[in-house]
Amino acid sequence: MKKFLALALALILSLSLVACGGGGSSKGSVYWLNFKPESDEALQQIAALYKEKKGVEVKVVTAASGTYSQTLTAEMDKSAPPTLFVVGNANSVKDWSSYALDLKDTPIAKELNTDAYNLYDENGKLVSIGYCFECYGIIVNPDLIEKAGHSMDELKNFAGLKAVAEDIHKNAATLGFDAFSSCDMDPSSSWRFTGHMVNLVYYYQERDGGSKWTECPATLSNDYVENYKNLYDLCINNSLTDPKDLATGGHDAEAEFKSGKAAFFVNGSWEYSAVSETVPNATMIPYYCGVSGEEKAGLNCGTENCWAVNAKASEADQQATMDFLVWLVTDPEASRIAVDTFGAMPYKNAQESTNKFLAAADQYAANGCYVMDWATNYQPAVDDYRAALVSALNAYNADQSAANWETVRTAMIDGWAAQYKAQNG
Amino acid sequence: MSKKPTGGNSLRRQMRKWSPLFLAAVVAAFAIGFVWPFVQGIYLSFCKFRLIRDAELIGFGNYLTALQDEGFRKAFWYTAGFAIVSLVLINVLAFAVAYALTQGIRGSNLYRTVFFMPNLIGGIVLGYIWSMIFDGILHRYGTSIVENSTWGFWGLVILVCWQQIGYMMIIYIAGLQAVPEDMLEAAKIDGANKWQTLFKVTIPNVMPSITICTFLGLTNGFKLFDQNLALTGGMPIITMADGTSIKTTEMLALNIYSTFYNSKSTYPGVAQAKAVLFFLLVAGLGLAQLAYTRKREVQQ
């Protein structure tokens, strides 16, 4: 018995020593908690490349779709937590600021070519820095527009977009395609409307205020709700799918667009690699919604892809992480993979992007159009806020009455104030 | 070489000697997997934390916030209503099926297997499958399971009935098979009709099964999470005039889960406090119900 106990104790002791020694090599190691399942493969490739070139282990773990927050909470509590994680919006900065290293004047921050995508906390600490930027708007298949007897030049404002979309929808049976792909309201698709399209409501208010938001405003005005309604109505009423069938989803909007069944697809630059397989000349236009002067509107550009370095990791691990990041944005081979995966990277020595949607965003900016920044990143209690909006939109889709629209307005505007109050009051 | 142990005494000695070793594994698993997280959970309900290791004691504040939360109170009543309805339906139907399948009809074993099978499918998968079934039907009437809270409620009831009736049926079949034949025969000789035999002989004899099944039904009803998350996720949400919103089909466990991942910094603690209250409620109800039904069991 004694022998056995001694053996068991020795085993436990040695196991715990192994566990303690796991993350503590003098060279330091990198553990990247990634939040986008679609980029996991490329990140694993980058990690293998770094190991091959520099001999340092990079562990990449990707949270399952929609569970990043849960995974991050669990992983950060472990004895070997992530050294590199994503802090991509105002809520996240609040939650994780105390676990993030101040990145001001660090080697990776010096590689940036813009401060536009960086996130600071209320004390001015640089909590996270953008590693790529994206854009969203309405993806268009120019061939189908032409086929329907129209031209891309007509898509310069809401009136033009409406005329084209309604004409295509009216003639869908003869054309063999419809205007908009499905606008499902299930969790895999609703964010296109409750997270992205709704940005126009916030962005124009922000612009009216004269300066970029630096923190979540306590209230919103109703000024641009009607503009949202213009565009939203156009999307759901001139689409392949009856608005009444959108609540539980089940339609593949991407496949509809790729197979030429729809001319318009509300989405973002991350869709480029998928869409360009079958629609190589696909392009992206802004959210035209009837705001005056919108002929000068550009795409919605911003990011939620921001790196934070764990302030509680060992110095060796922090250094290893920093070295890895600098290598990633400067090494031609690595940054090529990263740029092809993420779209475009705001770093001086990173490779150029080949994403045509981002090129379209640049073209709009070059033509003097205003960039609609991602004010949507300030949505308070984002999950609850969006869920209430989805529910209101479901009721509206089933019956497009004024009363149901009023509920959508309440969820969008008063819901913001209520969530803000619950969080900060 | 030592002498081979012979006789019962030696065997008992050996068992006494080695039993702690075998017990230790179970005790350790129980302590690591249950006791420690449970104690830590209670401690955390008095703390403000984002990560467990940085918990900071703040007293009873979390409990106050939890009790003042209208969503939590609403979820409680909703859960209670659901638990009662599903408890009654599951048990009545499971008993009826078990009774029918112990009457010696052809293919009883096949039926038992078929009825039991839904219980083998996970709650999330079931939720998604049933949401497709319900929407396939509700679509004809221009609505959806996530648009109508009444359908949401009954959808959930139908789902858990479908999942749990087979399981409870097995317990009832075991109970029904244990009813002494001589009692049934005596009832028959005494002139009792089928209903009288059922209510005066059979049911009192299967009280232990009823106890187990009501206990399971009640606690399962209160603890339901995956099915709720996958079928409605709390939808539809009513937006009040002041912008606040109420999830009309959110049950307690889902409410706790969403509270934990809400981004307000004190909310993980509040969710933990809700979880402790939830435990007290389920444990209290379960024990009260056990004590109540045990009194009605027939000692054979």
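B:R50 is buried in the predicted model, with a relative accessible area of 12%, where buried means under 20% relative accessible area, exposed over 50% and partly exposed in between (1.4 Å probe, protein chains only). The model is predicted, so that local features need pLDDT of at least 70 and side-chain atom pairs count only at pLDDT 80 or more, while totals for chains, interfaces and linings use all residues. Residues are numbered from 1 along each chain as its sequence is written, chains are lettered from A in the order in which they are written, and side-chain values use heavy atoms, with hydrogens and water left out.

The side chain of B:R50 meets that of A:D95 in a salt bridge (3.3 Å, N to O), a salt bridge being a side-chain nitrogen of Lys or Arg within 4 Å of a carboxyl oxygen of Asp or Glu. This pair crosses between chains: B:R50 is in the loop between strand 1 (47–48) and strand 2 (56–57) of chain B, and A:D95 is in helix 4 of chain A. Helices (H or I, at least four residues) and strands (E, at least two) are DSSP runs, numbered from the N terminus. A:D95 is also buried, at a relative accessible area of 13%.

Over all chains, the structure holds 17 salt bridges. Another of them links the side chains of B:K247 and A:D384 (3.2 Å, N to O). Because B:K247 lies in strand 4 (residues 245–247) of chain B and A:D384 in helix 17 (residues 382–398) of chain A, this pair joins two chains. B:K247 counts as buried at 18% relative accessibility, and A:D384 counts as buried at 18%. Salt bridges with shared partners also join A:K53, A:D331 and A:E333 into one network.

Within chain A, the side chains of A:E277 and A:K258 form a salt bridge (3.3 Å, N to O). A:E277 lies in the loop between helix 13 (272–275) and strand 9 (283–285), and A:K258 in helix 12 (residues 253–258), so the pair ties together parts of chain A that are 19 residues apart in sequence. A:E277 is exposed, with 59% relative accessibility.

For chain B, the domain assignment, automatic or from a database, gives domain 1 (7–57) and domain 2 (70–294). The centres of these two domains, taken over C-alpha atoms, are separated by 31 Å. Nine residues of domain 1 of chain B are in contact with twelve residues of domain 2 of chain B, contact meaning heavy atoms within 4.5 Å. Between them, the two domains of chain B bury about 760 Å², 67% of it on carbon and sulfur atoms; buried area is the accessible area (1.4 Å probe) that two parts lose on being put together, summed over both. Of the area that domain 1 of chain B buries against domain 2 of chain B, 56% is supplied by B:S45, B:F49 and B:R50, more than by any other three residues.

Helix 3 (residues 68–76) of chain A is largely enclosed by the rest of the structure, because seven of its nine residues are buried. Among these buried residues are A:Y68, A:L72 and A:M76. Their cover includes strand 1 (30–34), strand 3 (84–86) and helix 4 (90–96) of chain A, together with helix 11 (252–261) of chain B.
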